[in-house]
Amino acid sequence: MSVKDRFFLERDKALLVVIDVQEKLCLAMNDKILHKLTRNIAILLETAQELGIPALITEQYVKGLGATLPELKEKAGNAGFFEKMAFSSCGSAEFMEKLTSTGRTQIIVTGMETHVCVLQTVIELRDAGFEVHVVRDAVMSRSKDNWQIAAEAMALTGAVPTSTESVLFQLLKVAGTEEFKKLSKLVR
């Protein structure tokens, strides 16, 4: 695999995963960072919708942690929702069946908490042979230390660290298109 193949996202290979951005879990998060996270995930959901990229959204123990934030549900379009009890999204057979049925090999990962559900999901996705791109400005933990340790651990698995804007512009590839005009406004 070339460096370009490893680091560049391709819209026909990519799939977006949003992990556990749920109402009650969000109450424990830093408001300023949470605002940035939800804005960035909303941008990625809109991008996926516009470019025909599948999106899968997990929810950990909905009875206890509530549903996905309404502002993200509103941007989810035709994304699939999967309730889970395992910390790793890969622990949900339904999630894994849907993910593998798409034939997509590049998984864009966002959500919370970085050091628990996100980290465990990334490890299992890498172990299953997927190319994983972790959107570092769209994952969060209650503490910066836990976020930093998990970010380092995910990079050690071979997951590619990236940002919301990097994902957007890699998927767009070129300026001047109608998609570019519409989506680039999201990051201005």
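A crossover is right-handed if, with the strands pointing away from the viewer, the path from the first strand over the helix to the second runs clockwise. Helices (H or I, at least four residues) and strands (E, at least two) are DSSP runs, numbered from the N terminus. The model is predicted: local features need pLDDT of at least 70, side-chain atom pairs count only at pLDDT 80 or more, and totals for chains, interfaces and linings use all residues. Residues are numbered from 1 along each chain as its sequence is written, and side-chain values use heavy atoms, leaving out hydrogens and water.

Strand 4 (residues 106-112), helix 7 (residues 114-127) and strand 5 form a right-handed β-α-β unit. Strands 4 and 5 run parallel and are joined by six bridges; pairing requires at least two DSSP bridges between two strands. In this pair, Ile108 stands opposite His133 of strand 5.

Strand 6 (residues 160-162) runs parallel to strand 5, with three bridges between them. Here His133 stands opposite Val160.

Of the ten residues of strand 5 (residues 131-140), eight are buried, so the strand is largely enclosed by the rest of the structure. Buried means under 20% relative accessible area, exposed over 50%, and partly exposed in between (1.4 Å probe, protein chains only).

Phe8 lies in the loop between helix 1 (3-7) and strand 1 (14-19). Phe8 is partly exposed, with a relative accessible area of 38%.
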